[in-house]
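Here's a quick briefing to read with the model open beside you. Take it one topic at a time.

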Number of protein chains: 2
Amino acid sequence: MPDASLTPFFAPTGVAVVGASARPESVGYALLRNLLFGGAGSNDRAAGFQGPVYAVNPKGGEILGHAVHASLATIDGPLDLVLIAVPGRFVPDLVDACADKGVRHVIVISAGFAEIGPEGKALQDAMLARAAARGVRLIGPNCLGIMRGVGGLNASFGAGAAPRGHIGLLSQSGALITGLVSYAERERFGLSTAVSLGAKADIDDEEIVDWLADDPETRVITLYAESFTRPRAVLEALKRASARKPVVAIKGGASDAGAKAASSHTGALTGSNAAYQAAFAQAGVLYAGDIGELMNWSRALSTQPPAPGSRLAIVTNAGGPGVLSADAASRHGLTLATLSDATLAALNEVLPSVWSHNNPVDVIGDATPERYRDALNILGRAPEVDGIVVIMTVQAMTAPLETARAIAEAHAEPSWEKPLLASFLGLVGTEVGTYLDERGVPEMNLPEEAISAMGALARRGAWLARPEPPVVPVPRHPAPDHERVRDCIARARAAGQTNLDLGLATALLGAAGLRYNRSETATDEDDAVRLAGDIGFPVVLKVISPDVLHKSDVGGVVLDVVDADGVRAACASIRERVGRGVPGARINGFTVEEQVKGTEIIVGVSRDPDFGPLLMVGMGGVFVEVYKDVSFGLVPLTRADAHRMIGEIRAQPLLDGARGRPVLDRGELVEVLMRISELVASFGDIAELDVNPLVLTQTGLVAIDARVILAADDAEGTR
Amino acid sequence: MPDASLTPFFAPTGVAVVGASARPESVGYALLRNLLFGGAGSNDRAAGFQGPVYAVNPKGGEILGHAVHASLATIDGPLDLVLIAVPGRFVPDLVDACADKGVRHVIVISAGFAEIGPEGKALQDAMLARAAARGVRLIGPNCLGIMRGVGGLNASFGAGAAPRGHIGLLSQSGALITGLVSYAERERFGLSTAVSLGAKADIDDEEIVDWLADDPETRVITLYAESFTRPRAVLEALKRASARKPVVAIKGGASDAGAKAASSHTGALTGSNAAYQAAFAQAGVLYAGDIGELMNWSRALSTQPPAPGSRLAIVTNAGGPGVLSADAASRHGLTLATLSDATLAALNEVLPSVWSHNNPVDVIGDATPERYRDALNILGRAPEVDGIVVIMTVQAMTAPLETARAIAEAHAEPSWEKPLLASFLGLVGTEVGTYLDERGVPEMNLPEEAISAMGALARRGAWLARPEPPVVPVPRHPAPDHERVRDCIARARAAGQTNLDLGLATALLGAAGLRYNRSETATDEDDAVRLAGDIGFPVVLKVISPDVLHKSDVGGVVLDVVDADGVRAACASIRERVGRGVPGARINGFTVEEQVKGTEIIVGVSRDPDFGPLLMVGMGGVFVEVYKDVSFGLVPLTRADAHRMIGEIRAQPLLDGARGRPVLDRGELVEVLMRISELVASFGDIAELDVNPLVLTQTGLVAIDARVILAADDAEGTR
């Protein structure tokens, strides 16, 4: 739940800097200057924090024309936030001093704690113990601080403050915040909040995410993460947040090289990327690939409604950029809207005859502002269009600012409902671009960036509209029986097995509700026909004879029996051939076996060090190794998660029956994944698990081989 | 060959605008204004073309304070370039007027030619006929014009001119040029030349590419293409160019959606992307994915040497951006250099103890300019580092301009040889970023953009250093015999086949030098052992008997015979089982067949409408359809092309023997591809061809099935 008690970090009544310094190159100086004037190069108190600011330093004196208090105790006036920028060894006592003063919110900028080793760890523990005892909440240590648009709070040592806006930024890297502040100034977008949590000794990501989710100034939460202290708690907070507003995240250390850089940077274990990807997907968090995407998506999501679908219209005065944007659309999951006859007719009315008569709507190089406005008015009302990207390049006859005005006018129509993004190639941050940004139409540097951001708006729309998939009955699979699972585990433990033998692994997964291939015994032809019908075709028929050793050698096995007539023919053939091969052999009946032939799928569970049980599904056999065509989900799955995972498999044609293969019933695989998810969620000592292959046959999914590994330590037991 | 006669287009002695106009919204006005003053908003004649400019309009008078000539005839003074911006119907006569005046270089800005239909096409033909008769060369019609940094020539109707630099831009979209001019101003880079060819009625891409390749002002050629008129001629020009300087290209219409947009835009058939990709790869052209990559790569390539390898060092004062850059490195084919002990020791000398001690070299948030300079000096000399990206974010204690100076100092050292790129997040185009750009270190907006550009520098380096692969003898394959191929085609034609039957197709590909699975006849056990050794194991043994109809049914076939003992055992087993199954059967010997089991590869040839024969190689079977794990090359291939194609297959582990599979001898597959390339290059009436599968066995590549389709029209015959 959102913790209102964090609010003084973002909207304090008064702020003190302990460790304020007169040395311009010091952190203590930068903190005070930023609080007073908002950033470097400003002398304007109105640009700073609009409440009392206190400098504290035992040396006293004056800094930046501001009287210095020798200690917190001498401060007289509203005060509920203290920034600490003194050597670490003084911090525990300062926590007490804050509490004495009634201050419960402290940002520890100082470094020199757990990251330097055991000594620092002891200091950090001491600091935390004091804070806990006195009801003080800490951000940091070793952090940049906080910025907040409302109230002009720059409680950080960054060089400048972000323009005020609606992006709430939470970054594990303080330096990324300072970089993004420069970038925001340059590209003209604003932040509601920027938070650097540093070492996260006390307050952690999940609390800030909850607070930002609750913050009316924040319309999108933008997250840079390298690792989480309590990954599951963050996941839950992200789920809560994304139900209320969009969340965009980027994970540092996503590559092996990046992970190495991340470890050396934070000293924290960087979680595996697959688990983070799954976590973000399950929480509805949009996963950005680089800084550009992170911020372009955030800009779009903080100003535009989600796109109700993926049908994009492009309005452009520039052919090449229009073509390249159309190319980009398919890379970002968008399709070009097919314009209706009504829309085309309306466009014909307002555009010159040489317009493209197609989407992209090329309004021609010499497009007037009116042409843009008219085209947008028509496309804004067109039901076949879910979102619009408008492109302009400066040509001799174009009037960029007037065009921006015309676009803003169309967008300001009360009936306007669609997401609209702009790119005036090369004009980002200029008067023209800024004009649009200030009127709620993000203007991006390059057209493909706007397309990418529209893709994010469409994915947000799809997430909000995601259906709740139904429970599908899977009659061919046994009902889960967790008592029997418990029994299998007990037998494995009793036998000293951690890697279960095939019999036990099969029994365990069967008890969890997975279907294995069936085999029945028929006494005669009629019985075989009946059993084959029960089992489902195709079946394999095998002779039952005490006189036959090698069934295949004497024609005692028939594969690919596809119907009742086939069963009778197979029985006859077996009788004839066996009788010929082993004269006088007694034939006591036939084994009727489900013939398992089909597409190999793999399902597995591993334990992620951060997030715990991580379920994988994908194409089995050679596919899994070479094409790594697999998808991940964190346990416990919802049915929607399971559908998402199956949908992420690239080889959809193989699941849809390509080359005469069996067609996958997605609902059945969803139920299989749900059962495995329930299994590992219920039995904490199942460390790893593989069903490989799970064969997609004409009669559905059949497990053939399985591996189950128990945790070496039995301590956890079963829940 | 570079055509020096194009030079007046880029460095004219004097320029006339026919169709000069006083109406500020007209093209004729913009052309004159740009020639005189360089662009909109300028009144500075020094910013315009530094030679005589003439306005021509039958109305006479004065425009922009400039006397107007009633016709070209009255011009007195140097003149060798004419821009025409009058309705198309006047243009043919104007071509004559230019020739009369001795002008051989004309840019036709006007539209209204072939793109409007038959009438326009007739006008275009008339214009071309006059030009050819009088020795006049034309650029256009329907184009933006030309810009040239040297001499201040803006012979276009764009709003502004590009800053002067070293990127030579050739764009099928004039609007993209105008957009990139804005972008260049904003991001601070320069163009040597920008050329819009419009409808390419006369002068075409290949001539401009050749001219830019020869132009000392141009250090990189940057190409936006939707389609080429003479694709093969452009390909040859690109090859010539990329041998001399880097070439970067982007293809509009690369997606289906984009291609649709491109067709409606240009009226030209957009070539298939696979063929363009192959063409660019074979020409050593770097293929950019979007406008950002196109220009970032061009900036890097126009100022930096190619990277001799892929080992990247990152210097940063910002942890998060460093981590994200490391993540980006692997996406762009770079590895993080492992710093040597000597380098680490040297860095320890100059950096504070808390530096990352690793690559990325984190010089810490409060990094001084000296720290950057010292770190760069060390990494600049480190032999384990091939290229460096330097990142800075503005923090309270950083001095951005001084840091830029320090970086420029390190880069200016006479010993400096490596590529160096910078990103000061959010400072592109500001004083700081510009400082670096002006000193030859491109400063890019986002760190990942610099990483992407470094990837391009590494690929350029790899291209220049590419080895010439040797010819590998392939003794198991027959020698190509094109006489026999000719014979096969003649037999197919005689039989009225365009889709060759399997026997003919097999014969044809065998004659082209492909190996099919071998089959020999052995009279007895000893003979079978000998033949099996010749053929290579594993082999299949089959009974030869006039009395056996269904060999398999009576045990007359043995698979998987792996050695000489196995041959004897198999023969014995066959004798025993056949004797039992068909008492009295005569056994005349054994067929010894090469057992073809292994990894399925597909090789095919199709005809691209632009580039002609396009060879494909990739994983066969289900792979080709689902994962489309194939690669393309234009015929004729070089061995280096063939190696590139094989290297682009993603399933390398399957070719390297994963799961006990046979290991591919790349050299053998190269020779197979060369033979197919030679086949289709030599026989123009082979329209399509498939070798599917080409099986990778333990003894090499064996073709199993083949399809050959002849062109329906026999006109072309064989060369």
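Is B:Gly41 buried or exposed? B:Gly41 is exposed, because it has 10 other C-beta atoms within 10 Å. The rule here is that a residue is buried if 20 or more other C-beta atoms lie within 10 Å of its own, exposed if 12 or fewer, and partly exposed in between, with C-beta atoms placed from the backbone.

Before you dig in, keep in mind that this is a predicted model: local features need pLDDT of at least 70, side-chain atom pairs count only at pLDDT 80 or more, and totals for chains, interfaces and linings use all residues. Residues are numbered from 1 along each chain as its sequence is written, while chains are lettered from A and ligands numbered from 1 in the order in which they are written.

**More on B:Gly41**

- You'll find B:Gly41 in the loop between α2 (27-37) and β2 (53-56) of chain B. (Helices, H or I with at least four residues, and strands, E with at least two, are DSSP runs numbered from the N terminus.)
- The C-alpha atom of B:Gly41 is separated by 8.7 Å from that of B:Gly160, though the two residues are 119 apart along the chain.

**Chain A as a whole**

- Chain A contains 24 helices and 30 strands.
- Taken along the principal axes, its C-alpha atoms fill a box of roughly 115 × 75 × 35 Å.
- Chain A has 719 residues, and 56% of them count as buried.
- Take the contacts in chain A between residues at least 6 apart in sequence: 72% of these join residues at least 24 apart. (Two residues are in contact if their C-beta atoms, placed from the backbone, lie within 7 Å.)

**The nonpolar core**

- In soluble globular proteins, nonpolar side chains tend to be buried together.
- Here the largest nonpolar core has 457 residues. (Such a core is a set of buried Ala, Val, Leu, Ile, Met, Phe, Trp, Tyr and Cys residues joined through C-beta atoms within 7 Å.)
- Among the residues with the most contacts inside that core are A:Ile84, A:Val315 and A:Leu673.
- Leaving aside neighbours within four places in sequence, A:Val315 has contacts that include A:Val361, A:Tyr372, A:Leu379 and A:Ile391.

- Helix α7 (residues 231-244) of chain B has 14 residues and reaches 20 Å from its first C-alpha to its last, close to the 20 Å expected at 1.5 Å a residue. (The expected span is 1.5 Å times one less than the number of residues.)
- The buried residues of α7(B) are B:Pro231, B:Val234, B:Leu235, B:Ala237, B:Leu238, B:Ala241 and B:Ser242. They cover an arc of only 165° around the axis, so they sit on the same side of α7(B). (The arc is that of the directions from the helix axis to the C-beta atoms.)
- Packing against those buried residues are α6 (205-214), β12 (220-225), β13 (247-251) and α9 (273-283) of chain B.
- Over in chain A, helix α19 (residues 525-535) has A:Ala528, A:Leu531, A:Ala532 and A:Ile535 buried. Their arc is only 105° around the axis, which puts them on the same side of α19(A).
- Just after α19(A), A:Gly536 takes a positive phi of about 100°.

**How the two chains meet**

- The contact takes 74 residues from chain B and 72 residues from chain A.
- On the side of chain B that touches chain A, α11(B) gives the most, with 11 residues.
- What are the copies' relative positions?

- Most residues other than glycine have a negative phi, and most peptide bonds are trans.
- A cis peptide bond joins A:Asn359 and A:Pro360, with omega about 5°.
- The peptide bond from A:Asn692 to A:Pro693 is cis, with omega near 5°, and A:Pro693 lies in strand β28 (residues 686-697) of chain A.
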